[in-house]
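Take a look at the chain below.

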Amino acid sequence: GINAEYGDIWSIACTIIELLTGSPPYWSLGTSVALFKMVNDPHPPTPQGISPELEDFLTISFQKDFKSRPSASMLGKHPWILLHSGKPKQLEELHNSLREHNKKTKNIISFDWFQ
């Protein structure tokens with residue numbers, strides 16, 4: 001169901017952190033403290049030194065309200081995925097679209113790729 005799909009998004013983000021650090025988020029804290037932090041932190045801590053694109057990918061994947069999380073197809077259009085998927089032309093088109101939009105509206109939109 002829909003809850004499982006959006007739970008999978010959370011799990012993918014956890015797996016990425018585990019691949020980068022060798023441990024899942026909150027691993028060293030013990031069960032009770034980890035559960036407390038999962039409920040009270042805005043999102044699990046992200047590894048230091050990651051790119052801004054990956055930071056954004058993880059942050060949006062960890063939205064508490066599962067309905068606010070992007071779907072897998074939306075994440076497939078995320079700059080971090082495009083950057084590493086051999087699709088530089090799509091990434092360039094996305095950046096050009098954002099630049100043009102920001103010039104016209106004088107607003108900076110960082111989540112334009114959702115649409």
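**A buried histidine**

At 1% relative accessibility, His 78 counts as buried, because the cut-off for that word is under 20%. The model is a predicted one. His 78 sits in the loop that runs between α4 (72–75) and α5 (79–83). Its side chain reaches the backbone nitrogen of Trp 80, at 2.9 Å.

Two aromatic pairs are counted here. Take Trp 10 and Phe 62 to begin with. Their ring centres are 4.8 Å apart and their planes stand at 75°, so this pair is edge-to-face. It links distant parts of the chain: Trp 10 belongs to helix α1, Phe 62 to the loop between α3 and α4, and 52 residues separate them. Trp 10 and Phe 62 are both buried.

Now turn to Phe 57 and Trp 80. Here the ring centres are 5.0 Å apart and the planes lie at 50°, so the pair is tilted. This pair also links distant parts of the chain, with Phe 57 in helix α3 and Trp 80 in helix α5, 23 residues apart. Both Phe 57 and Trp 80 are buried.

Next comes the core. The largest nonpolar core has 14 residues. Phe 57, Phe 62 and Trp 80 are among those with the most contacts inside it, and so are Ile 16 and Leu 54. Helices α1 (2–21) and α3 (52–61) each supply at least two of its residues. The largest share, six residues, comes from α1.

Leaving aside neighbours within four places in sequence, Phe 62 is in contact with residues including Trp 10, Ala 13, Cys 14, Ile 17, Pro 42 and Arg 69.

Note on methods: Residues are numbered from 1 along each chain as its sequence is written. This is a predicted model: local features need pLDDT of at least 70, side-chain atom pairs count only at pLDDT 80 or more; totals for chains, interfaces and linings use all residues. Side-chain values use heavy atoms; hydrogens and water are left out. A nonpolar core is a set of buried Ala, Val, Leu, Ile, Met, Phe, Trp, Tyr and Cys residues joined through side-chain atoms within 4.5 Å. Buried means under 20% relative accessible area, exposed over 50%, partly exposed in between (1.4 Å probe, protein chains only). Helices (H or I, at least four residues) and strands (E, at least two) are DSSP runs, numbered from the N terminus. Contact means heavy atoms within 4.5 Å. A polar contact is a pair of N or O atoms within 3.5 Å; within protein, one must be able to donate a hydrogen and the other to accept it, and residues adjacent in sequence count only if both atoms are side-chain atoms. Rings of Phe, Tyr and Trp (its six-membered ring) pair if their centres lie within 6.5 Å; planes under 30 degrees apart count as stacked, over 60 as edge-to-face and the rest as tilted.
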